[in-house]
Amino acid sequence: MSWSFYAVGKASAVRKKAADEIANSNITFAEPERSLRVKLFDAIDSALAAMPEASAVSIRASGSQYTSSNPDGTFNTVKLEIEPMYGFVE
């Protein structure tokens, strides 16, 4: 299954959206993808917790999991980009 997440805004609002869409998703993911998403959210949460709440930030995250018979196994791809936004005006 493939998935993606994107948010831009104040760090506190982006943290909430990431929690809702990554950590607490209503979609059922197979292992180890589910565990990888939880760990990815933990990384996002740690990074955003260190930023001042009013800071602006852009986050892009995506991943996919597939099972192959040649070679046998389950393969995962995960990408994460966290970018502070400077000069943000409200």
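## Reading the sheet, core and a buried arginine

Tutor: In this predicted model, β2 and β3 pair in the antiparallel sense over 14 bridges. Local features need pLDDT of at least 70 and side-chain atom pairs count only at pLDDT 80 or more, while totals for chains, interfaces and linings use all residues. Residues are numbered from 1 along each chain as its sequence is written, and side-chain values use heavy atoms, with hydrogens and water left out.

Student: In what order do the strands of the open sheet stand?

Tutor: The order is β1-β2-β3, with antiparallel pairing. β1 and β3 (72-85) stand at the edges with a single partner strand each, so one side of each has no neighbour in the sheet. β1 and β2 pair over 9 bridges, and A7 stands opposite I59 in β2.

Student: Which strands does α2 lie across?

Tutor: Angles run from 0 to 180 degrees between N-to-C directions, using axes fitted to C-alpha atoms, for helices over the stretch in contact; contact means heavy atoms within 4.5 Å. α2 lies across β1, β2 and β3, at about 15 degrees to β3.

Student: Which residues have the most contacts inside the largest nonpolar core?

Tutor: A nonpolar core is a set of buried Ala, Val, Leu, Ile, Met, Phe, Trp, Tyr and Cys residues joined through side-chain atoms within 4.5 Å. Buried means under 20% relative accessible area (1.4 Å probe, protein chains only). The largest such core has 18 residues, and F5, I44, L48, V57 and I59 have the most contacts inside it. α1 gives the most to this core, with 6 residues.

Student: Is R37 buried or exposed?

Tutor: R37, found in helix α2 (residues 33-49), is buried yet has no salt bridge. A salt bridge is a side-chain nitrogen of Lys or Arg within 4 Å of a carboxyl oxygen of Asp or Glu. The nearest side chain of opposite charge, E33, is 6.0 Å away; Lys and Arg count as positive and Asp and Glu as negative, with His and the chain ends not counted.

Notes:
Helix = DSSP H or I, 4+ residues; strand = E, 2+ residues; numbered from the N terminus. Buried < 20%, exposed > 50% of the residue type's maximum accessible area, 1.4 Å probe, protein only. Pairing = 2+ DSSP bridges.
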